[in-house]
Amino acid sequence: MLIRSESDEFMTETEKRYAQFIAADAAPVFSIQVNILSETITPNPAPDFEKPEVTFLNGAERGVFTWPGLSGEFDFIKKEARMRCALAPAGLNSFLRFIYSVILLKEQGFLVHASGLIKNGVGYIFPGKSGAGKTTITQLSPNATLLSDDLPLVKVGAPPSIFGTPFWGGLAVAGEQTSAALGGIYFPVKDKEKYVERLTAKKVLEKLLSNTVFFFKKDEFSKQLFKLCFDLATSVPGYELHFSPDPSFWECIDVR
Amino acid sequence: MLDKYVAKNNRKTAYRTINGEAVVVNLKDSTFHTLNPVATFIWEQADGQFTVKQIVERICQEFEVDRDTAERDCLEFLDVLTNRDLVVLSQAPAEGN
C-alpha cells in the first residue's frame with residue numbers, strides 16, 4: 001500500500017503508526033492520496049468501524065466512502081484512492097481497513113474481529129465483540145506472539161493461516177508482521193471456570209459471521225465473504241473457551 | 001397460497017448447508033438465519049419448481065409428521081421467509097430450471 005500526502009506532519013504520524021508494517025522496497029498493490037483538511041490535530045472520530053457509509057458506483061469497482069471526519073473515493077481497477085480527512089490517525093485506519101477488506105477477498109482472506117496469537121508455532125484466533133475478552137486474552141499471553149488484539153487477517157487456503165495486522169483494539173499495540181497456520185478458533189466466554197467446549201461447524205459459522213464485518217452492501221463481496229467464513233468454519237476446529245482472567249486457560253488449549 | 005410456487009430469492013441470499021442444516025445470509029441487510037433440518041428441507045425444495053402444497057407433501061414423506069402439522073409449520077416458515085424477502089411466491093414455476 002502506497003500512502004502519499006503533502007502534509008509532512010501526517011506522513012510522520014503515519015510512519016510512526018504503521019512502523020512495523022512499512023516495506024520500503026515492496027511494489028504497492030494500491031495507492032492512497034491523502035489530503036489533510038486542517039493541520040489542526042483533532043480528536044479521533046468515534047471508533048465506529050461497523051458503520052462507514054460505502055456507496056458503489058457502476059458496479060463493484062468504484063465508489064465513495066464516508067466516515068466521521070473522513071471522505072474518499074476508491075477505484076479498484078486503477079488500484080487507487082483519494083481521501084480527505086482531518087489530521088487524525090483513526091481516519092486513515094478506517095479507510096485502510098475498508099480497502100484491505102475488499103482487496104483481501106481476491107486473496108481468499110478477510111479481517112475478523114478477534115485477537116490473534118501464535119504460540120509454539122501454532123496460530124489461534126479468539127473472535128468476539130467488544131467486551132468479549134479479546135484484549136484480555138492477549139494480555140494474559142506473554143509467551144505468545146501478538147498478531148492483533150482486534151482485527152487479524154485470516155487467509156483460507158491450505159492450510160488456513162493467520163497474519164498480523166496494524167489494526168489494534170484496547171491494547172493500542174500493533175501486531176507482529178508474521179503468520180502461522182491456524183490451529184483453532186476459540187470464542188472467549190468470561191467465566192469462573194476454565195474449560196473448552198467443541199462447537200459444531202454450523203455453530204462456528206454462525207459465530208464467525210457475527211464477528212465478521214459485512215459492511216460492503218455489495219452482493220458479490222458479501223457472497224465471497226460468506227463463502228470464506230464457511231470454508232474456514234468447516235476446515236478449522238472451533239471451540240468456546242470459558243476463562244477467568246488467568247493465563248492458565250492456555251492449559252485447555254495446549255492439550256489439544 | 002398452497003398452489004403458489006416457491007423460489008429462493010437468489011439475488012438477495014447466499015446459503016450453505018452443514019450436516020443437513022442451512023445457514024442463510026440476507027445479502028441486503030447482512031443478517032443471517034440458521035435453519036433446523038425441516039426448515040432446511042423446505043429451503044432446499046424452494047427452487048421455483050414446486051408449489052407449497054407439493055412441498056408439504058414431501059415433508060410428510062421425508063419426516064414423520066401429519067399433514068396438518070406439516071402444512072401449518074410450512075406456511076408459518078414461508079411467511080417468515082417472504083416477510084424477510086428471502087423467498088418469492090409466484091403463480092407459475094420459475095423459468096430456466
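In which hand does H2(B) pass H3(B) at their crossing? The crossing of these two helices is right-handed. The model described here is predicted.

**The helix pair in chain B**

Helix H2 of chain B covers residues 52–62, and helix H3 of chain B covers residues 67–83. The two pack at an angle of about 125 degrees, and their axes are 9 Å apart.

**The contact between the chains**

Chain B gives eleven residues to its contact with chain A, and chain A gives twelve. On the chain B side, the elements that supply two or more residues are strand E2 (13–18), strand E3 (21–26) and strand E4 (31–34). By class, the side of chain B that touches chain A has six nonpolar, three polar and two charged residues.

Chain B runs through its elements in the order β-β-β-β-α-β-α-α-β. The table sets out further values for each chain.

| Chain | Helices and strands | C-alpha box along the principal axes | Buried residues |
|---|---|---|---|
| Chain A | six helices, 15 strands | roughly 55 × 35 × 35 Å | 39% of 256 residues |
| Chain B | three helices, six strands | roughly 35 × 30 × 25 Å | 27% of 97 residues |

How does the radius of gyration of chain A stand against that of a compact globule? For 256 residues such a globule would have a radius of gyration near 18 Å, and chain A agrees with this because its own value is 18 Å.

In chain A, of the contacts between residues at least 6 apart, 65% join residues at least 24 apart. In chain B, residues 24 or more positions apart account for 53% of the contacts with a separation of 6 or more.

Conventions:
Residues are numbered from 1 along each chain as its sequence is written. Chains are lettered from A and ligands numbered from 1 in the order in which they are written. This is a predicted model: local features need pLDDT of at least 70, side-chain atom pairs count only at pLDDT 80 or more; totals for chains, interfaces and linings use all residues. Axes are lines fitted to C-alpha atoms, for helices over the stretch in contact, and angles run from 0 to 180 degrees between N-to-C directions. Helices (H or I, at least four residues) and strands (E, at least two) are DSSP runs, numbered from the N terminus. A crossing is left-handed if the near helix is turned anticlockwise from the far one by less than a right angle, and right-handed if clockwise. Two residues are in contact if their C-beta atoms, placed from the backbone, lie within 7 Å. Ala, Val, Leu, Ile, Met, Phe, Trp, Tyr, Cys and Pro count as nonpolar, Asp, Glu, Lys and Arg as charged, and the others, Gly among them, as polar. The radius of gyration is taken over C-alpha atoms; the globule rule is 2.2 Å times the number of residues to the power 0.38. A residue is buried if 20 or more other C-beta atoms lie within 10 Å of its own, exposed if 12 or fewer, and partly exposed in between; C-beta atoms are placed from the backbone.
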